[in-house]
Amino acid sequence: MSQDEIFQKVATTLVDALGVDEDEVTKDATLTGDLGAESIDFLDIVFRLEKNFDIKIPRGDLFPDEKLFSDARFVKNGKMTAEGLAELRQRLPFADIDAFAKNPSVKELSSLYTVETIVKYIEGKIR
Amino acid sequence: MSKSDRRVVITGLGAVTPLGTGAELFWQNLIAGKSGVRTIQSFDPDGIACPIAAEVRDYDAVKFVKQRKTLKLMSRDIQLAMGGAFMAVQDAGIDLDSIDKLKFGVNYGAGLIATEIGEISAAVRATANSAKEVDLKAWGKEGFGHLFPLWMLKYLPNMPACHVSIAYDAQGPNNSITVGEASSTLAIGEAFRVIQRGTAQTFIAGGTDSRIHPLSMVRLALLDRLTKRISPPEAAIRPFDHRRDGTVPGEGTAALFLEEWQAARQRGAKIYGEILGFGSACNPASPSDSLASAIGTALRDAKIQPKDLGHISAVGISGVQEDRDEAIALAEVLGSDVNKVPITAYKSSIGSLSAASGAVELVASLLAMHHGQLPAILNFEKQSADMPKLRLVTSPEECPEKPFVSVSRSYSGQCAALVVGPVS
Amino acid sequence: MHDRRVVITGIGMITPIGHDTKSCWDALKRGQSGIDYITLFEASEFPTKIAGEVKGLSLKSVEDLPGDWKDCGRNIIFAVHAGRQAIKDSGLLDSPGYDPKRCGVYLGAGEGTQDFQHFVHAIAKSLIRGNDEPDFPKFIEEAMHDLNGRMEFEQEPGMSSVHLARLFNAHGPNLSCLTACAASSQAIGEATELIRRGDADAMIAGGTHSMIHPLGITGFNLLTALSTQNQDPKRASRPFDKNRSGFVIAEGSGVIILEEYERAKARGARIYAEVTGYGTTADAFRVTDQHPTGRGAITCMRDALADAGLEPGDIHYINAHGTSTEVNDRVETAAIREVWQEKAKQVPISSTKSMMGHLIAAAGAVELITCLMAMQENVIPPTINYETPDPECDLDYVPNAAREAKLQHVLSNSFGFGGQNVSLVLSRL
């Protein structure tokens, strides 16, 4: 499956899960900020990706458990620590942690998840 | 009525019914004597002795749900509710930004929502053994992966009121009454009380239900509540008639926009009517006592005598025993006025909308008062001899602009009545 | 002050830690957990294998009462069991001049347990097309054959309140609401208002629920709302603790008798406390997420205090909603901090869900009864399993051991999935 085909399928998944228009689903659209995802939607997105790509996504694999962000080793004063960023890099190799590291505020974490992030994750899964 | 009670008026109506979407279309079809009962279209009902129902056929939820993605969280019942609420708010013509959202409540009558079979069938197929029994170990291991993760949220009875509160930012009291066929009358009655006591100023109150689902229909059939007189479908349900033999299920919703009277007056709102009284009762051993007690309480609460009534909207569910119990109760309450007060029963046109019945029927009566015409009981030949004689509306007649009573009763015996009248 | 004051004259409960008020209360004071492995169905392969079940309950506990109980679900049996305790405790029915029409019922009651095996069996048999599309006529045929109509009917959530009306001769207003986890508190609040207004003189109020069944656990598991700390059931429910990881579901019922004060006094009833405050709001935010500021919770606690004519500093104990989920406990803490301001750290707060688990629709009622017992004995039940403080939850949660304290006014919170919030204030007379 080419990257473009993956993108198309991810886009369809997000259109169905988030009730957005196809043209809103651009590569750099963020799930929470631009596409309006809320906590329960992430469960739905995982479920639909599993079905549409015929893959298994273990819990916490694509979207990390919230616990990670309340762990004092990883978060101090609302910002991810160096240790936290390392943990993120290890857990989410498909995400652009470098960009996030410029302002590693937990509140900005949602910006980590763009449509492209999902595409990269899927690429890693099906290759 | 306690001295400090605020007055409560109805300033907006919204309805989605087997006779059409929108209160006005519903009214036109109702007064024209049309029936919403037909052969079931939404699934193949073969195998049920009563394959007829009053389905809503012209409704598109997408038009009424602003946040499109929430549609995936909505069963039929919830989707219907969104339309009714939307139209009630529109009809009220109110600028919602101008009201205190903390004093804006929602109260819905809702039912036990049956899960869509197609939604769990993949999990069942993946985990059933050769005897077609589901092995719970397999269900735990493999079933979950086949289930929509937000599945449960579609079926919780408090979700109609929840989604309505989110759509209109209604942060005041929010309740969901689950008392079968009496639910929405109780919900509207409670909303009335909450505004009376000043806890809220504005409410969206109503009910929603759809029992047109294979499991819900099986449940009704097993309890022998459905009519066997299925042909022609529109003649099946016949409240108080000597040939009645059971009910026909339907689906729908209605919402009332309620406001504290002064606030409505100040903004120059059009007022459909004022809620004057509310009563409820339940003596499972004596349905007629319970009904009479609920109606009597509502009349006393409204300080209205039976002779002052313009009409009564009866439960009239078309059950052999249920209609007889009701006739006894109505005769008792009306006393010497029994041959004067016209009684109608909208279920003859739209079936039993279960938890939505009371709200939809109240909308019908408000529009009857508003238009000055009272719809007839369809399919009525003659009243059965086993019950007291009532003054039943057998062809459309003039509807005086006077207070009326809207009555609801659940199969298990909970009764509720509202008295509503023109605002004075 | 309201013209007609409402007092509580009878209580009854059945929970995972006891079949009556006394045994539940003794367990609460000891800090005993009622959570264990699920036995009601085969849950060994479910993500969550633990719950707070009512153990050792049989139809025998109600079979001396008139009625046919075999088709009733656990929710109804629980309500009847708790209801008769409360009725007996109050002596209401034996009081001279008792008028059935002036006594009603208002429950926050859950639906009955669905007949899972027969239902899915009918679905399995309907899958005759080689795909996941059910054949409805086949489903109907199977369901008509296998399902028991009476049992299906008894699943309607409004049935428990009908049974109580019938058994206890209460023919006044009869309601049942289902606002998820706030339901029984809302029922008690609205029942209080019915008496205040004069629509009734007495109300049987409370809640009942059991969602410990395959579809119930499946639904909550799919939403990842339940704790999956299966290795140590008694430590799984840990409200406000840093390592909390979801709620633990439980079942049971709590029922109280509410009466108009002057009548209760005139008949010499034992009065537990007065319901002085009731607040109810909606978050109107999202379907499951609480508003991050806790705006609905804040307003509802303030409304309840205002209704009681009290200041935050007058409250001697808060029975928290405290579900042991990441979000609730953080948001509830923030809301209490906002309402109590600098006094927030002085008010003892506990979550008895740490011991009883979360009884969903019945939670508010059993927790209110807990508050009444706390006021009776001037003992605050603890939050057990509190081991690791969470910087976001920095108040006094009465960790792990009951505490003596003079209790004049207490407040109980219940917040529902779907955004409904209720706070009730109880005051000693």
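What percentage of the 127 residues in chain A is buried? Buried residues make up 49% of them, where buried means under 20% relative accessible area with a 1.4 Å probe, protein chains only.

## Basis of the report

This is a predicted model, in which local features need pLDDT of at least 70 and side-chain atom pairs count only at pLDDT 80 or more, while totals for chains, interfaces and linings use all residues. Residues are numbered from 1 along each chain as its sequence is written, chains are lettered from A and ligands numbered from 1 in the order in which they are written, and side-chain values use heavy atoms, without hydrogens and water.

## Fold of chain A

Chain A contains five helices and two strands, taken as DSSP runs (H or I of at least four residues for helices, E of at least two for strands). Their order along the sequence is α-α-β-β-α-α-α. The C-alpha trace spans about 40 × 30 × 25 Å along its principal axes.

## Aromatic pairs

Over all chains, the whole structure holds 17 aromatic pairs. Rings of Phe, Tyr and Trp (its six-membered ring) pair if their centres lie within 6.5 Å; planes under 30 degrees apart count as stacked, over 60 as edge-to-face and the rest as tilted.

The ring centres of A:Phe47 and B:Phe148 are 6.2 Å apart and the planes stand at 50 degrees, so this pair is tilted. A:Phe47 belongs to helix 2 (residues 39-53) of chain A, and B:Phe148 to the loop between helix 4 (136-143) and helix 5 (159-168) of chain B, so the pair joins two chains. Both A:Phe47 and B:Phe148 are buried.

Technical notes. Buried < 20%, exposed > 50% of the residue type's maximum accessible area, 1.4 Å probe, protein only.
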